[in-house]
Amino acid sequence: MSQPEMSRMHEDRLVIHNLVKRDPLADFAEDVRRGLAANPKYLFPKYLYDELGSQLFEAICLLPEYYLTRAENEILSRYAGEIVGAIAMPNTLIEMGSGSASKTRLIIETLLRDQSELLFVPVDISASALERSSRILLQSYPRLWIEAFAAEYFDGLAELAKKQRGRTLALFLGSNISNFEPEEARAFLRAMRSVLRAGDALLLGADLKKDKHILEAAYNDTLGVTAAFSRNLLVRINRALDADFDLPAFRHRAVFNETASRIEICVESLQPQKVAIRKLDMEVELGEGELIHTENSYKYDLAGIAALASQTGFVCGRTWLDSQNRFSSNLLLAEG
Ligand SMILES: C[S@@+](CC[C@H](N)C(=O)[O-])C[C@H]1O[C@@H](n2cnc3c(N)ncnc32)[C@H](O)[C@@H]1O
């Protein structure tokens with residue numbers, strides 16, 4: 001079969017809805033203006049995932065220090081059968097923040113073993129990652145259909161809530177939940193719950209609290225890929241908003257805050273400096289050592305996950321851990 005025929009064949013099984021606002025730059029510009037005028041300064045983590053940021057995240061997943069992906073992969077490789085077997089034959093698989101959907105393959109393969117077709121519904125703010133991963137999956141699995149949403153989580157969930165689906169397993173992997181503040185995490189799970197019907201379930205991947213040195217190493221790799229991922233946000237602002245952030249004048253910082261149980265990630269200004277953001281008609285002044293907060297990564301314990309589930313309309317079903325007890329995969333059941 002020729003290449004054009006192959007891709008036409010895949011087109012029949014792929015629908016991509018783009019819900020990213022008609023003028024995405026307007027939201028980005030407004031959020032950057034607010035965040036850099038605030039005290040302390042901040043930028044939202046969702047903006048880390050432009051095309052390059054999504055690729056840098058894929059590289060992070062391969063780093064020796066970033067144990068999260070390997071641990072979750074180990075759990076899914078070992079227990080996909082048990083996970084899928086815990087709910088009655090889902091014919092729809094939703095995934096929020098799917099990225100490359102590499103680990104998802106383990107669940108897809110397990111589901112396709114027992115049924116003729118499967119509908120995969122990935123939702124991700126990174127349209128480039130979504131399109132790339134969808135096309136790769138369709139090539140691998142001729143019995144897979146994909147309805148993808150390029151969307152922010154809450155917009156995607158609002159859209160998903162409009163349509164009834166068959167028995168559904170939803171995935172929220174990679175400890176994406178860690179980027180939410182506690183109240184946001186509850187709002188997300190409530191919105192997720194309203195998309196699911198009794199008998200459906202959500203598999204929630206959550207990184208666990210552990211030794212500070214292991215945690216800090218995971219976000220301060222020696223190759224500097226995580227630093228590039230963080231500072232790429234400044235590159236994005238330079239490109240999209242005609243700014244002049246001087247990259248060597250900033251460094252990446254990731255520190256574990258024991259009290260709040262979270263890794264706090266910032267870029268730090270190494271000297272007093274002024275940055276012009278011409279499209280915002282704005283000048284940002286930074287002192288030496290001043291931080292721009294870009295991301296938190298909350299670390300959970302199993303009691304915290306059970307509490308989250310019960311506060312948001314789920315019943316905590318089984319939990320699977322990797323062999324070093326670093327990461328948890330939690331099946332939250334939508335009941336009654
Ligand atoms: C940490 S990566 C994890 C990717 C994948 N789930 C994994 O486990 O490897 C987070 C993913 O969520 C997406 N994402 C981040 N913030 C988002 C938001 N607010 N709405 C929708 N997707 C988001 C990113 O584009 C990225 O693909």
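Guide: Here is a short tour of a sheet and some helices, with each label set against its definition.

Guide: This is a predicted model, in which local features need pLDDT of at least 70 and side-chain atom pairs count only at pLDDT 80 or more, while totals for chains, interfaces and linings use all residues. Residues are numbered from 1 along each chain as its sequence is written.

Visitor: What makes strand 1 and strand 13 the edge strands?

Guide: Helices (H or I, at least four residues) and strands (E, at least two) are DSSP runs numbered from the N terminus, and two strands pair if DSSP finds at least two bridges between them. The open sheet has eight strands in the order 1-5-4-3-6-7-14-13, with mixed pairing. Strand 1 (14-18) and strand 13 (314-321) each pair on one side only, hence the name. From one strand to the next, the twist averages 20°.

Visitor: How do you know that strand 7 and strand 14 pair, and in which sense?

Guide: The criterion asks for at least two bridges, and these strands have seven, in the antiparallel sense. Glycine 205, for instance, stands opposite serine 329 in strand 14. Strand 6 (residues 168-172) is joined to strand 7 by four bridges, and these two run parallel; there, phenylalanine 172 has leucine 204 as its bridge partner.

Visitor: What makes strand 7 mostly covered?

Guide: A residue is buried if 20 or more other C-beta atoms lie within 10 Å of its own, exposed if 12 or fewer, and partly exposed in between, with C-beta atoms placed from the backbone. Seven of the seven residues in strand 7 are buried. Ala201, Leu203, Gly205 and Asp207 point one way, and Leu202, Leu204 and Ala206 the other.

Visitor: How do you know that the span of helix 6 agrees with expectation?

Guide: The expected span is 1.5 Å times one less than the number of residues. For the 14 residues of helix 6 (residues 127-140) that gives 20 Å, and the end C-alpha atoms are 20 Å apart, so the two agree.

How values were computed:
Axes fitted to C-alpha atoms, helices over the stretch in contact; angles between N-to-C directions.
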